[in-house]
Structure formats: structure tokens, C-alpha cells
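Biologist: I have a model open and would like to go through its side-chain contacts and surface. Could we take them one at a time?

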Amino acid sequence: MAAPSGGPGGPPSNAAGRGAPSSGAPSSGRGALLYRLGRWCARHWVTVLLAWVVALAGAHTAAAVWGGDYSDDFTLSDSSAQRGADVLSEHAPQLSGTSAPVVLHDEDGLSRYTRQTADTATALGKLPHVTSVTNPFADSGRDPSAVSKDGRTAYLTVRFDTNPQTLGQDYIDEVDAAVQPLRSAGVQVEYGAGLGELARPAPADTMSEGIGYGVAVVLLLLTFGSVVAAAVPLLSALAAVVVGVAVLGLVAAQVTFASVSPTLATMIGIGVGIDYALFLITRHRQLLLDGGEAADSAGRAVASAGHAVLVSGSTVIVALGGLYASGLTFIGRLGMAAAITVLTALLGALTLAPALLGMAGRGIDRLHVRTPVAETTPAASGAAAGGTWHRWAGFVRRHPWPVLGAGVVVLLILAIPLLSLRLGHIDDGADPASFTDRRAYDLISSGFGVGTNGQLTVVVDQAGVPEDQRDALASSLGDALKNLPGATGATPPQAVGDGDVLLSTVTPAQAPQDAATTDLVHRLADDTLPEVTRGTEASGYVTGVTAAQVDFRDVIAGRLPVIIAVVVGLAFLIILTVFRGVLVAVKAAVLNLLSIAAAYGVLVAVFQWGWGGPALGVNGTVPIESYVPMMMFAIVFGLSMDYEVFLLSRVHAAWLRTGDSHASVAHALEVTARVISCAALIMVSVFGAFVLSDVIVVKMLGLGLAVSVLVDATVVRLLLVPAALTLLGRAAWWMPRALDRLLPRVRAEGAGEAARGA
């Protein structure tokens, strides 16, 4: 569509050019379908509202009855940790599975509670999915590895045949009943590892959601000046998110989603739901102020701004779907969870929002708190130049290089901490003290050393080793594990199960999330065990929860470049297809990469360096959760395309109409700056409110997404995009004829609206 007709980057000479009709509905194509959809929803608003009420009630009820639970599963089928677990399961099934400590503490000593401890161990052993329970005071003895030197702290090791996080909240009631004899006697009982995570209170992000909504109300009132106009995007987004999260719960009954999935889906759904409805309502109000009829204006708004919403939402969903390119089901399903609410947000904006507009009719500004303001100004409509954003565009046009340089410098400064990025898994020691797994972590740390929270299981498969060589292998392994750098000790290797497996437990000197523990896992897997088994038929593995998390982190780090390439490539193709400009698509990809790097840098400074982490409720410094950068990249890249699409759609429409590249930028800024700024502030407030969550991963995602949207809507949209488009000029819309013929025809705002302009 934007193929050059008379030189590089020249405007097209077909139907979208100057002199097109200034009013009327789209007559054909996708724009006509969207127009009819919007007009029908506005005219039949009672039917649409009833359909959404039924959907809300039905989805919520179905999720309550048949919905599934959420749990974190970091296992990788081909990892060293999983192969070691498989060997243990085959040769010593009683020692396989997932273990979790039940930690006991009494200031006066635990020796007087041996009977209650035995009763608790017996009761725990009878629970479903429990394969074994190790009693630290069995047979009136005392296991020094499970009872602290002062006798005040001890722990029972409970083994499960599955990840306890998947057993559901009701399972904790059974565990509570089993440990009741100890609690009744006055012993402090806490649950560690997966059992502790299952026992956490259900995530309650009501405060975060309330703050985000409250700020959104204020911003929408300031933007529209009307109570009714402000209520439409809020109601549309809320309904869409409730339906989306309910659908997620139903899907969770069939597949396993991470525990952070509902919060992530809510966060994304609220943000994009309000934004999508906001852009559509802004266009509708402008058409009403121009004298349009309510249902027709709603139809035209859906055909124009709704078309841009559809393109933008599709880009977000494509970016989230790109997470499956990681080859990790855990990561792909996080993207699926977020995509579900993005999809319902799209449906809400395209159907529920126009229905609400139809219900309001021409009285959308009746309950106003200030005089309604049109979307466009005389300056934006082609009258005498004026307006803040028009003047800013003129300043950028006169000084493009300094503006571009200033924007790039700001982003590079923010991105500096990214150079010291350390991926890892945040252990329970960083959680709030209100969590039982945090209290269990602290008790074990003080009683046995912090490394006991992340013990490593060394498994050597000696099935192919002759009997007369096995003693030498065990001795060699024991010697190799003595005085191991980064470890406080290791148990002597013992043949377990059918005798074909040697087993030893290594205790790290540092916390599970510490870089030294990661180095210890690598040292064991890459150096120590290969050296011990060299020249034999034995194979060595490092397994256990901590080792599995290190393997997961390594895989994530290796595949992050793949995800970046896939998501950037898909987004590049979408921008290229919609706007028919090679350099425009390249510019969008490069600038979005810079803004994401800046957001990563802020995360590292806050959480990894501790700059403000305590103020956010984080205990000490923590690594960046391994999957957060990958998730952030897909989400941020998709969301940043929202503003890219809405801004470029106006630039492109003006370019098609006038052929003046510089005036097109000024026009687009004047038309979109206020609404994009409002949309960005709403998104920032919604995401930023989630830093109040008790879950540190949610804090990271909330802060990272808030920073990225803020940077994107200010530095990128106000400095870099206009400066880059000014410098590129007509060349920004250059498109090789062969590529132009190859790509499908897709307009950002529908065929009719591009011709009509603002």
C-alpha cells in the first residue's frame, strides 16, 4: 500500500490519497465488519449487556466448581537433576519423589516431645501421596543431621510421590490435623519447601487491584471530564478480566499453570482492557462532538480505533505466544495465561464497550466534572499551527539529533545495571515473615546453617559397575566430596535401594539463591562427578529442588536470545505488514529493545543491588527470578506496540493523505499525545500497584512493567519516535515493490478511516 510511486518513500497514488470522502461508514473489508459489529452492539445494548452478565455468572460459577489449582514445576525432562531423580526412582523408589521439611522448634528443647513427634510422623505417613516420613527422634535416638546442636530445632522429612504444590489447599487441612499433637503441646510447627508454598494464604492482590483502579478512575475523569465516559473503560475492563481469570481457572483444571499466573493475567488484563476501551471511547466522543449519532459513532469508532485495538491486541498475543519458542512448557503456559485475559479484553473493548456507549447515547458527557474537550484541536485539524504537542513536534523537527541523542543516553544510563544481571531462583528467605515457609527457612538457618535449606543430592548410577569395583568407586566419591569448595560437608556415600545407586547429601555453605550455590552445583555436575566416574560405567548426577532450579535457570539463560529473536521478528513482520515501511519496522524493534533494556536495568538495581528493595518489602538482595526477563520481554514488547500502533496509525493516515512526512508526525502527536499519556499513566498505576504484593516475583513483574511502560510512553514516544521519523523523513515509508506485493494488506485503522484522517 505504501509502495513508492515516484521515488523512495513516496506516498501512494491510489484510493487512500487526497480527496477521499470525509464521512460515512466503511463500505467493505474488515473495517465494514467492525463497523457493523460496533453499531449492532450499540443499538442492541440490552442484549449485549445480558450476554456479558450471563458470561460473568457462568464463568465464575464454572471456575468455582470445576476450576483447577496453580503450582510451580521447574522440572526439565532432559536435565541432569531430572535424570538423577529418574535413576533414584528406578533403583530406590522409597527415596525418590519430592521432599519437604516439617520444622519443629521449642525454646526449652524438643527432647520431651518425642512421643508427639512419633505420633505426628505416623499420622503424616498415612496421608495420601506420602511415601515416607523421617522422624528425627526415631527409636529414642537423635539424628544429628535433623536435630540442632542445642536441641531446640528439628525437622521431619516428608517425601511425596508428586509435587506437593499440586495437591490443593484442602490437603493442608489434613497436614494440619496430622501435626496437631505437637502444636497442642506448644511446639512451633512450620512447613518448608513445596509444602510451605502450598500452605501460603491464597494470593490476595485486592489492594493492588483497588489502587490501580482508583488511580485509573482519577485519570479517566481528568482525561474525559465525564463520569459516564470514565466508567465505560473501567466496567469493560473489569468484566473482561473476571471472565478471563475464570476461563484461566477452567483451563488450569486440565493443564498446570504457575502459581503467579492468575495475578499476571489480572495485571495484564486490567491494563490492556482499560487502554483498549479508552482509545475506542476517545474516538467515539470525538465523533459525537462532531455531530454524529450515537450508534453510528460507536460503529465508526470500532471500525477505526477498534481496528487499531485489534492489531495491537493481536501483536500482544503473538508476542506472548512466542514464549513457546523457549521449548519450556512452564514459560509457554505463563504466556498463555496472560494471553487469555488479553483476548477477553479485546472482546470487551469490541463488544461490551460499544454496548455501554449505546446505552449512554449522546449523554456520555452529561455527568461531567469539567467541560468536555475534543480529541482533536484546530491545529491538529489543519488550521493555524498551535498546541503544545504541535510546538514540540516543531522543536524536534528543528533539533532531531540532540533530541534523539538525549533519549538514547537516558535509556543507556538506565540499562547500565543490566551488565551485572544474575538470574536465579528467589528462595524462601526473601519472603514475608507471615509465610510459614519463610519461618521454616529461618529456623533451619539458625539451627543448622543457611545451606541446609538447599541441600543437594548426589546420585551415582553404578548398575554397570562390577561388584568388586564398587567399594573403590564409593571411596573415590567420598574423597571427592570432602572439603568441597562452597560446601560445609557431605554425608558418606551409601548404596541404597537395590544397591545399584550411591547416594550422598551435600550441604552448601550459602543460601540456595546465592551465586556460590549455583557455582557448587556446576562444580559437582561438570567437574567432580565426571572425574570420579571417569573410566567406569557409572554416571553421576546432582538432583534435588535446588539443583533442578539451577538447571532451569541455565536453560532459561540459554534460550532467552531465541525468545528475543522470535518475538522481535514476529513484531517486525506485523509492523511491516500494517504500515508498509521497512525502516519504520526496524525503528520500532530497535527502540523497543532499548526501552526493555532500561526496564531490566531498573530491576537489577532495585532487587539485585538492593537500591530500594527493602522499601518494597524485600528481605535483602535477591537475584532476578530466572523466568522474569523472558516473560517481561514478551509482555513489554507486545504492550509497547500498543502505543506504537496508535501513534503510527495516525502518522501513516496523515502521510497517506498529505505526503508530508514532517507534518504527519506533528499531526499525530497533537491528536494522540493526551490519550496516549493517559493510557500510559493508567497502565503504570495498574502495574505499579502490584509492587505491594507479598510475592516477590509479582513485585518484579509489576515494577518492571510499570517502568517499561513509563519509559516507552515518555522517552520513546516523545523523544525517540518523533526524532527518528524526522530524520528518516520520506524514507521511513520506503517499501520494496516485491515485498509489498508479497505481504497481505492490513490497515491499522481500517480502509475508510485512513482516507478520512482524524
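Modeller: A residue counts as buried under 20% relative accessible area and as exposed over 50%, with partly exposed in between. Keep in mind that this is a predicted model.

Biologist: Is Phe 160 buried or exposed?
Modeller: The cut-off for a buried residue is under 20% relative accessible area. Phe 160 has a relative accessibility of 1%, so Phe 160 counts as buried.

Biologist: How many aromatic pairs does a search of the whole structure find, and what kind of pair do Phe 160 and Tyr 171 make?
Modeller: The search of the whole structure finds 6 aromatic pairs. In the pair of Phe 160 and Tyr 171, the ring centres are 6.3 Å apart and the planes stand at 65 degrees. Planes over 60 degrees apart count as edge-to-face. The pair of Phe 160 and Tyr 171 is therefore edge-to-face.

Biologist: Which parts does that pair tie together, and how far apart are they in sequence?
Modeller: Phe 160 lies in strand E3 (residues 153-160), and Tyr 171 lies in helix H5. Tyr 171 is buried at a relative accessible area of 4%. The pair ties together strand E3 and helix H5, parts that are 11 residues apart in sequence.

Biologist: What is the geometry of Trp 609 and Trp 611, and is Trp 611 buried or exposed?
Modeller: These two rings form an edge-to-face aromatic pair, 5.1 Å centre to centre with 65 degrees between the planes. Trp 609 has a relative accessible area of 34%, so Trp 609 is partly exposed. The value for Trp 611 is 57%, so Trp 611 is exposed.

Biologist: How many salt bridges does the count come to, and where do the partners Arg 152 and Glu 107 lie?
Modeller: The count comes to 17 salt bridges. One of them joins the side chains of Arg 152 and Glu 107, at 3.4 Å from N to O. This pair links distant parts of the chain, 45 residues apart: Arg 152 is in the loop between strand E2 (130-134) and E3, and Glu 107 is in the loop between strand E1 (98-105) and helix H4 (114-125).

Biologist: Which helix holds both Arg 438 and Asp 442?
Modeller: Arg 438 forms a salt bridge with Asp 442, with the closest N and O atoms 2.9 Å apart. Arg 438 counts as buried at 13% relative accessibility, whereas Asp 442 counts as partly exposed at 34%. The two residues are 4 residues apart, about one turn of the helix, and both lie in helix H14 (residues 436-448).

Biologist: Where do Arg 470 and Asp 500 lie, and are they buried or exposed?
Modeller: The side chains of Arg 470 and Asp 500 meet in a salt bridge of 3.0 Å, N to O. The pair links distant parts of the chain, 30 residues apart, with Arg 470 in helix H15 (residues 467-481) and Asp 500 in the loop between strand E8 (494-496) and strand E9 (501-508). Arg 470 and Asp 500 are both buried.

Biologist: Turning to the surface, which residues form a nonpolar patch?
Modeller: Met 207 is found in helix H7 (residues 206-224) and is exposed, with a relative accessible area of 59%. Leu 692 is in the loop between helix H20 (661-688) and helix H21 (696-728). Leu 692 and Ser 208 are 484 residues apart in sequence but 6.4 Å apart in space, C-alpha to C-alpha. The patch has about 350 Å² of accessible area together and consists of Met 207, Ile 211, Val 215 and Leu 692.

Biologist: Where is Arg 580 placed, and is Arg 580 buried or exposed?
Modeller: Arg 580 has a positive phi, near 50 degrees, in a residue other than glycine. Its place is in the loop between helix H17 (545-579) and helix H18 (582-608). With a relative accessible area of 1%, Arg 580 is buried.

Notes. Residues are numbered from 1 along each chain as its sequence is written. This is a predicted model: local features need pLDDT of at least 70, side-chain atom pairs count only at pLDDT 80 or more; totals for chains, interfaces and linings use all residues. Side-chain values use heavy atoms; hydrogens and water are left out. Patches are made of residues with over 30% relative accessible area and no salt bridge: like charges are joined within 9 Å, nonpolar side chains (Val, Leu, Ile, Met, Phe, Trp, Tyr) within 5 Å. Accessible areas come from the Shrake-Rupley method with a 1.4 Å probe; for residues, only the protein chains shown count as cover. A salt bridge is a side-chain nitrogen of Lys or Arg within 4 Å of a carboxyl oxygen of Asp or Glu. Buried means under 20% relative accessible area, exposed over 50%, partly exposed in between (1.4 Å probe, protein chains only). Rings of Phe, Tyr and Trp (its six-membered ring) pair if their centres lie within 6.5 Å; planes under 30 degrees apart count as stacked, over 60 as edge-to-face and the rest as tilted.
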